[in-house]
Amino acid sequence: MPRLNDTWELSTKLGSGSFGEVYVAVDDDGGAVAVKMETRDNDAPRQLEYEYRVYKHLHKGSVDCIPEVLWFGQSRDYNFLVMEKLGPSLEVVLQKSGGTLQENEAAALGILGVRSLRQIHENGIVHRDIKPQNICLDPMGRKKLYLIDFGLCKKIRDRDGQHIRYINGKKLTGTPRFCSMRTLAGVEQSRRDDLEGWVFCLLYFLRGRLPWQGINLPKKEKHAKILTMKQTITTEDLIKGFSAVWGSLLEKIRNLEFDEAPKYEVYESMLRTLL
């Protein structure tokens, strides 16, 4: 494996994203960075340069809830994206906490997540794969959540500045466990779907397990079953044992129109009552 930009040597593997793998790399002084890499095989999707351009766009908008990008480059076999190494993902945090969080802990994270989503939305991007593995703590311990893995994201507006059109019958983009009900049903995603996915993350933190986890069916049938469960489970059953605020938050977000601007301040206020 080549030395990246004559600066970093690849070290241990951190995990995999929607496209490619992520490694830790170190410089000569021992400073650590995160390196995302994808193969340049002809049959493989090329998403890393797109993700790099998205990060650059968001940085121009002064978005501070994404990692700093240090370098993008290629070798004969791979594309590389070198980024700031962040704190652990929320999935790692959850497992280290015993598999569940208290309501006040989930609410505190909920507020930070709403703020981060607001930043990227106001800079014209919908993430489209909100899940605990794609949200990280601040490496310095500050009260901030970072969004990563923008390989599936999309612009909210077209070249004329108009909101993207409502479309039905789309293939699934995202992670079935956490994606919104409408996303599973094939509806074009917008800001409301990122937020609904975030609420499902918060409920996962509270419950330790969502009702549609562990379905052992072929992929197509599994997705259909998850959709049916998301459509039919009552809000009361979904939040049973927890504050009614969680159900109210989910309903408010689900009731947004496709192109409606979310009421981020309202969601923060609701979550603040649980602190």
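Axes here are lines fitted to C-alpha atoms, for helices over the stretch in contact, and angles run from 0 to 180 degrees between N-to-C directions. On that basis, helix H5 and helix H8 (residues 244-254) pack at an angle of about 160°, with their axes 9 Å apart. The structure is a predicted model, in which local features need pLDDT of at least 70 and side-chain atom pairs count only at pLDDT 80 or more, while totals for chains, interfaces and linings use all residues. Residues are numbered from 1 along each chain as its sequence is written, and side-chain values use heavy atoms, with hydrogens and water left out. Helices (H or I, at least four residues) and strands (E, at least two) are DSSP runs numbered from the N terminus.

**The open sheet**

- Five strands make up an open sheet, which has 5 strands in the order S1-S2-S3-S5-S4 with antiparallel pairing, where two strands pair if DSSP finds at least two bridges between them.
- Strand S1 (9-16) and strand S4 (69-74) stand at the edges with a single partner strand each, so one side of each has no neighbour in the sheet.
- Neighbouring strands of this sheet are turned by 25° against each other on average, direction ignored.

**Strand S5 and its surroundings**

- Strand S5 (residues 78-84) pairs with S4 in the antiparallel sense over 5 bridges, and the two form a hairpin with 3 residues between them.
- In the pairing with S5, Trp71 has Val82 as its bridge partner, and Gln74 stands opposite Asn79.
- S3 and S5 also pair in the antiparallel sense, over 7 bridges, with Val35 standing opposite Val82.
- S5 is largely enclosed by the rest of the structure, because 5 of its 7 residues are buried (buried means under 20% relative accessible area, exposed over 50%, partly exposed in between, with a 1.4 Å probe and protein chains only).
- Helix H1 (residues 48-60) lies across strand S3 (32-39), S4 and S5, and runs at about 30° to S5.

**Helix H3**

- The 20 residues of helix H3 (residues 103-122) should span 28 Å at 1.5 Å a residue, which agrees with the 28 Å between its end C-alpha atoms; the expected span is 1.5 Å times one less than the number of residues.
- The buried residues of H3 include Ala106, Leu109, Gly113, Leu117 and His121.
- Gly124, whose phi is positive, near 85°, follows H3.

**Helix packing around H5**

- The contact between H3 and H5 involves residues including Gly110, Gly113 and Val114 of H3 and Leu195, Trp198 and Leu202 of H5, contact meaning heavy atoms within 4.5 Å.
- H5 and H8 are likewise described as roughly antiparallel to each other, and among the residues that meet are Leu195, Val199 and Leu203 in H5 and Trp246, Leu249 and Ile253 in H8.

**Asp193**

- Asp193 lies in helix H5 (residues 191-207) and is buried, with a relative accessible area of 3%.
- Not counting residues up to four places away in sequence, Asp193 touches Ser180, Arg182, Thr183 and Glu188.
- The C-alpha atoms of Asp193 and Leu249 are separated by 13 Å, the two residues being 56 residues apart along the chain.

Conventions. Angles under 35 degrees count as roughly parallel, over 145 as roughly antiparallel, 65 to 115 as roughly perpendicular and the rest as oblique.
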